[in-house]
Amino acid sequence: MFLPRISIQRPVLATVMSLLLVLIGIISYQRLSVREYPKIDIPVVSVRTVYKGASAEIIESQITKPLEDSLAGIEGIRTIKSSSREEVSQITVEFILERNPDEAANDVRDRVARVRGVLPDVADEPVVSKIDADANAIIWIAFSSQRHDALEITDYARRHVVDRLQVLPGVASVIIGGDRQYAMRVWLDRNRLAAYQLTPLDVETALKNQNLEVPSGRIESNQREFTVLMKSDLQTPEQFNNIIIRNVNGYPVRLRDVGNAEQGAADERNAVRVNGNPAVGLGIVKQSTANTLEVGRAVKAELPKINASLPAGMQLKVAFDTSLFIDESINSVYHAIAEALVLVVLVIFFFLRSWRATLIPFVTIPVSLIGSFIFLYAMHFSINILTLLGLVLAIGLVVDDAIVILENIHRRIEHGMKPYQAALEGSSEIAFAVIAMTLTLAAVFAPLAFIGGNTGRLFTEFALTVAGAVLISGFVALSLTPMMCSKLLHHEKKHGRFYVVIENALHSLNETYRRTLTRALQHRGWILGTAITIAIVTIGSMAMLLRSELAPVEDRGILIGFMLGPEGATLNYMEKYAKQVEQMYAQVPEVNTYFMVLAPGLEKPNPVNLALSFVSFKPWNQRSRSEHDIARELAPKLFGLPGIFGFIIEPPSLGQNFRNQPLQYVVQANSYQELDGVVSKLLAKARGNPGLIAVDSDLKLNKPQLAVDVNRDKIADVGLDIASVGHTLETLLGGRQVTRFKREGEQYDVIVKLADEDRRNPRDLSSIYVRSNTTNELVQLSNLVSLRETVAPKELNHFDRFRSATISASIAPNYSLGEALQFMNAAAKDIVPATMQTSLDGQSREFSESGAALVLIFVLAIVFIYLVLAAQFESFIDPLVIILTVPMAVTGALLMLKFSDGGTFNVYSKVGLVMLVGLITKHGILIVAFANELCAQGKPVVEAVTEAAVLRLRPILMTTAAMVLGALPLAFASAAGAESRQPIGMVIVGGLLLGTLLTLFVVPTAYTLLSRHNKST
């Protein structure tokens, strides 16, 4: 072949080509960003609309429904989900992955603009935003103080800390959690207002008219000019308290007469606590292309400098850091690469017993791995868990081609041939098989690049990383390897005792295999039929017995606690339970920090009966218990708290939303009354399943509410209108932003509201007065309206525009998501009527879609390999013989998963099976390619295949041992993220061990029965 020959004849050229691969690979590596997972720019667009004072039913009918009807016609929508709750409509539109996110967002904005005129005039403008997967904070910093309150901390953070963090390289923004914005709070006394014959509208009007900053022009003379500035704005509480609301009987009534103004927080309906102490959270959001680890290091390096400049009592401390897991996981993968490299080199040395021979594949491994970074950079990939996982597995693969060529040349030299001539003949003889193996292994990964959904996007980088490494290894094996063999290898006339002992053992193994294979070929039909039957039965039974899940739950060093209070619970109510949960965390010795967020969410308003806690543990090497063990200890304690619904979630893998539990089962109907009955029955059945934990539904129709029924006739009789009554209630009970005031160069809101002590009892509504437009007299509200206590929906949800309810649950240990979905489908079949339908969301939907896709991908991988082999062998029979090795390997892989601790059928093990297809066929290629050559020379089929199998036994064992030992560091991984690496390692180890053993007999047997050279047996 041209490439090996020119490389042997021109060694400098071969060396330079490999050095160029290394040089460009190093440059590419330095320019790659570091992430946990590949970047997935999911086209998701949200539409958020705030309609203050509106109930969930009004939000659904007047905001959500018109917007959904308009959005439904956009091209490429995958799902539309919406939530209508008090004052807020939130619509989330997820598009198919092929849609450009920016174009999708523009289409949504256009459709929203079309129906803006249909929405209520007093509703805020809908906010359309593209949801960026990188918009989540990678680090949360607790900003606390012993001498300052949250208002002062927030103000100082905005003025002095945020900018210092935001200018760091790679930081996109800094978000503030639990923040307190300054505001001028105007608290009104309803009794005093009534005594002075005033209404809230009078106060609002006075504030708007007397808090002005009007440019007044200039005074100009011949020589000088003066800018005239009228100091008419209000800036201090004293100035606000002194404004005159109205003259009553010649007496000026000031604001302090009917209430008081004070500087305070605009909103106190959220809170952040760190290790039991009040704090403000600063979230660091990185740029989409930034290196997560470098951003984390830069932030943590800046914190001591900022702490040194803070006022006395203030302190910044890292409370939650996702980069720790990424750093630890990537380091453990690097260690796995080093371990695999050492093991592979030892295997080569064992078989060849020569340091000179061992050096050759040892050099090809780093050349191939470093060269693969060129592919990563050219494809705009990143250094992440999956690409590094691909490189670990590639170690055993990239050395295979070099081993095959090295062994073929080494054998000739040992028989006395000159190194130069042995390199030419040996590389030429095996070149076709090497090309076939390289293209076959690269082809098996091609279908992985076409997996649908988010899982497909994730594993595309893994697949193409391995494919790139394999292609480069094939090039290196055909260029650098034969050149080095011609220069480094030489015939040893006398060998040491170690060499002789191993050689005799291998020779004895060869002869034993020859005798065993000869006997097996005498019972070809029985051997082939038995092997295929065992494979089919084992695969079928294991497929049913193995538990299925989307991905293993990793020990990420973090737990998330959820607390849901009863509907109508206050912030004080939730804070009482938050302190109890914090005491539980404090008693766990492995806990490092716990970060509690009451009423979480950056968009206001947020429900106050929800709390999240993020518990960070000590580093992996400083604790004996895993995250899973600690979760099993804390879960029953949290769940057992009376007064709240509490549960623990271990953060999911593959970048799934941590707020969603694994089981997300959606029921859709035309009315919420239908849903309520059906969902209640499903909940009862699900709660009876011990495999499901913290079962709940988002359909809550029991939020306490005061219904205000208006008497329109009476309102008309006294000269009022509905708008005036509603406006008064909104101002006094909800708070209205009336104007703005200036403080230290910043503008803040002025909010008018009824004092807290006047809003504690439903009867307080009856003491509110409104002014008649005709008589100018005050009318007590109790004369115009009637009150009744009722319940209302907490939120009204839609899924694909149908009214829906989602049943969610966590999965118990030794139970799987696949089993949970089977249980729910069976329950739904008995309970859900034909007029309603079910669907899946979140991890459940991804599990369902990726599982079906990976089965198709597995079939496509076999088809791809078959077609590639058919083209190379110019035969449709030979590839069929080679493909028979696949069920043997799959049998070993499934048995390994079944008998390993916690082995499941998940996306990693399924990808490993696809990879196994390419690995195991390499053995068949070696045997069939050489057998064809011998048959072409005139040898009988049985003799030819026996000779080919025996002669290729040693390279087959070498490559198998190299691949198995290369995967062992994954199969027995124990560091951060090991749970995801173990399945793919187990599949490779188990599949290759059993698959290789059976292949050595099945391929020769099938060849004698099916080969095109078979004229007689």
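Student: Is Phe 614 buried or exposed?

Tutor: Buried means under 20% relative accessible area, exposed over 50%, and partly exposed in between, with a 1.4 Å probe and protein chains only. Phe 614 has a relative accessible area of 11%, so Phe 614 is buried. This is a predicted model, where local features need pLDDT of at least 70, side-chain atom pairs count only at pLDDT 80 or more, and totals for chains, interfaces and linings use all residues. Residues are numbered from 1 along each chain as its sequence is written, and side-chain values use heavy atoms, with hydrogens and water left out.

Student: How is a pair of aromatic rings described?

Tutor: By the distance of the centres and the angle of the planes. Rings of Phe, Tyr and Trp (its six-membered ring) pair if their centres lie within 6.5 Å; planes under 30 degrees apart are stacked, over 60 edge-to-face, the rest tilted. The count here is 16 aromatic pairs. The centres of Phe 320 and Phe 614 are 5.2 Å apart and the planes are at 55°, so this pair is tilted.

Student: Which parts of the chain does the pair link?

Tutor: Strands are DSSP runs of E with at least two residues, numbered from the N terminus. Phe 320 is in strand β15 (residues 314-321) and Phe 614 in strand β18 (residues 610-617), 294 residues apart.

Student: Which residues form one aromatic cluster?

Tutor: Trp 140, Phe 320, Phe 595 and Phe 614. Phe 595 and Phe 614 are a tilted pair, with 6.2 Å between centres and 55° between planes. Phe 595 is buried, at 2% relative accessible area.

How values were computed. Helix = DSSP H or I, 4+ residues; strand = E, 2+ residues; numbered from the N terminus.
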